[in-house]
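Here are my notes on this one, in the order I would go through them on screen. Have the viewer open as you read.

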Amino acid sequence: PIANRYQMILDAVSTGQRRFHVDDRRIYISGLSGGGRVASIMTACFPDIFAGAVPIVGLSHYEPLNVPGRGTLTPAFAKPSDRLMGLLKRRRIGAVTGARDFNQGEIQAAATAMRGDGLQVRTFEAVYLGHELPKPELFAEALSWIDEPYQQTRRGEIEQADRALKAAAARLGDRVTLND
């Protein structure tokens, strides 16, 4: 049952956070087909936990979608509250699909609708891809895009720490040695 998937995901995140040093700003989720749908639902419903998602050949949406050739599709979950939507707008969802994926039209429609709500959703598509795992390079491209805001923030943190360290060393003079 889908509710069991949600609970197992939240349990896995919680267990990982207790057992390991986890940067909460970098908790991403991915899944294939129904797992991709779950990844998009978890990110939309828990943007305070998930910093981004790479749903593969499956993407859920919170409003009805008109998909050419498939009609109107019912939403998989309720639209997030204003507070959660505000957080979700700072997250990225990189949906992976392809020309041979039967969900491509639905994924494109969902991504377009979500972008219309101000969400950062991008599709990563390949001509060769059917309803299957993508080649590692396509997944890496999507994940790199998801991780880009973190990388920018981290570079700024490192620069700030370097400046603080150099300022401290200048104040302390020869009592401190900096290793580059």
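1. A definition before the pairs: a salt bridge here is a side-chain nitrogen of Lys or Arg within 4 Å of a carboxyl oxygen of Asp or Glu. Keep in mind that this is a predicted model. On that criterion, lysine 79 and glutamate 63 qualify, with their side chains meeting at 3.7 Å, N to O. The two sit in distant parts of the chain, 16 residues apart: lysine 79 belongs to the loop between strand 4 and helix 3 (82-88), and glutamate 63 to the loop between strand 2 (52-56) and strand 3.

2. Lysine 79 has another partner to look at, aspartate 117, with the closest N and O atoms 3.8 Å apart.

3. In total the structure holds 10 salt bridges. Another of them joins aspartate 23 to arginine 25, where the closest N and O atoms are 3.0 Å apart. Aspartate 23 is partly exposed because its relative accessibility is 24%, and arginine 25 is partly exposed with 38%. As a general point, side chains of opposite charge can pair when their charged atoms come close.

4. Now for helix 4, residues 104-116. After helix 4 comes glycine 118, which has a positive phi, near 90°.

5. Which residues of helix 4 are buried? They are Gln104, Glu106, Ile107, Ala109, Ala110, Ala111 and Met114. For the spacing, recall that an α-helix has 3.6 residues a turn, so residues three or four places apart point the same way. The cover over the buried residues of helix 4 includes helix 2 (34-45) together with strand 3 (65-67), strand 4 (71-73), strand 5 (92-100) and strand 6 (120-130).

6. Helix 2 also carries threonine 43. Its relative accessible area is 0%, so threonine 43 is buried. Leaving out residues up to four places away in sequence, threonine 43 touches Ile29, Phe50, Gly52, Ala53, Leu88 and Ile93.

7. Last, the largest pocket, which holds about 220 Å³ of space. It has 15 lining residues, and the closest to its centre are Arg25, Ala51, Arg91, Pro149 and Tyr150. Which element gives the largest share of the lining? That is helix 5 (residues 136-172), with four residues. By class, the lining of the largest pocket splits into eight nonpolar, six charged and one polar.

Methods: Residues are numbered from 1 along each chain as its sequence is written. This is a predicted model: local features need pLDDT of at least 70, side-chain atom pairs count only at pLDDT 80 or more; totals for chains, interfaces and linings use all residues. Side-chain values use heavy atoms; hydrogens and water are left out. Buried means under 20% relative accessible area, exposed over 50%, partly exposed in between (1.4 Å probe, protein chains only). Contact means heavy atoms within 4.5 Å. On a 1 Å grid over the protein atoms alone, a cavity is a set of points where a 1.4 Å probe fits but cannot get out, and a pocket is an open set with protein on both sides within 12 Å along at least five of seven lines; lining residues have an atom within 4 Å of a point. Grid points are joined across faces, edges and corners, and a volume is the space filled by probe spheres set on the points. Ala, Val, Leu, Ile, Met, Phe, Trp, Tyr, Cys and Pro count as nonpolar, Asp, Glu, Lys and Arg as charged, and the others, Gly among them, as polar.
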